[in-house]
Amino acid sequence: MKSQQSDRFIYIVGEQQNGIIAEHSEVFTFTHQSMGAIATDELTLVLANVFGKNQYFPGPDGALTSVIHEYTRRSERFNRMKSRLKKGRCTIITAFKRLDGEISVKVAAVVPVQPGTLDVDRPDGFHQLLIATLPEYQEVFTEEAYAQDSKLIDIVKEATLHHITAKLQ
């Protein structure tokens, strides 16, 4: 995708790798029309393999961007929040290892962001957003049991320390 300034993002936090893309309404329209016949389970499997298992995506980056947009577009959580967050927002998709060893992919949250505060070329800002906002939507991670060695456990620990330190200052 073109590197243009955006105030809407999709941040994928995976067991093996993360991804950040700018959200584009044109891509949502395109994927709705061209990917409508693809089962959601297939989209989920692609995201689990790429972000949860670090498998190579055998296609152009634009195709993976389309898969991410289409998965997001189908999310009930995204559809509930998108009308409330018209300006800046970041949709957080997670791909973490469950207790049974499988990768669970979900739209965990859609959080408001101040326009101009995030940049796809500065991933630390997205991680900081994840840590700062985790308490607002952490209940989504109680829907399933996660593996003891899942990256989610480290993220929860980091967020807990971050918020305890902030309260002590």
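Buried means under 20% relative accessible area, exposed means over 50%, and partly exposed lies in between (1.4 Å probe, protein chains only). By that rule R89 is buried, with a relative accessible area of 4%.

This is a predicted model, in which local features need pLDDT of at least 70 and side-chain atom pairs count only at pLDDT 80 or more, while totals for chains, interfaces and linings use all residues. Residues are numbered from 1 along each chain as its sequence is written, and side-chain values use heavy atoms, with hydrogens and water left out.

## Salt bridges

A salt bridge here is a side-chain nitrogen of Lys or Arg within 4 Å of a carboxyl oxygen of Asp or Glu. How many salt bridges does the structure hold? The count is 11. The table lists three of them.

| Pair | N to O distance |
|---|---|
| E23 and R8 | 4.0 Å |
| R89 and E23 | 2.4 Å |
| K97 and D149 | 2.9 Å |

Start with E23. Its side chain meets R8 in a salt bridge. The pair links distant parts of the chain, 15 residues apart. R8 sits in strand β1 (residues 8-14). E23 sits in the loop between β2 (18-22) and α1 (25-34). Helices (H or I, at least four residues) and strands (E, at least two) are DSSP runs, numbered from the N terminus.

Is E23 buried or exposed? E23 is buried, at 6% relative accessible area. R8 is partly exposed, at 26%.

E23 also forms a salt bridge with R89. R89 belongs to strand β3 (residues 89-97).

K97 is partly exposed, at 22% relative accessibility. D149 is exposed, at 55%.

Other salt bridges share partners. They join R77, R98, D100, K106, E143 and E144 into one network.

## A backbone angle

Which residue other than glycine has a phi near 60°? That residue is N54, and the value is positive. Most residues other than glycine have a negative phi. N54 lies in the loop between α2 (40-52) and α3 (61-73). N54 is partly exposed, with a relative accessible area of 44%.
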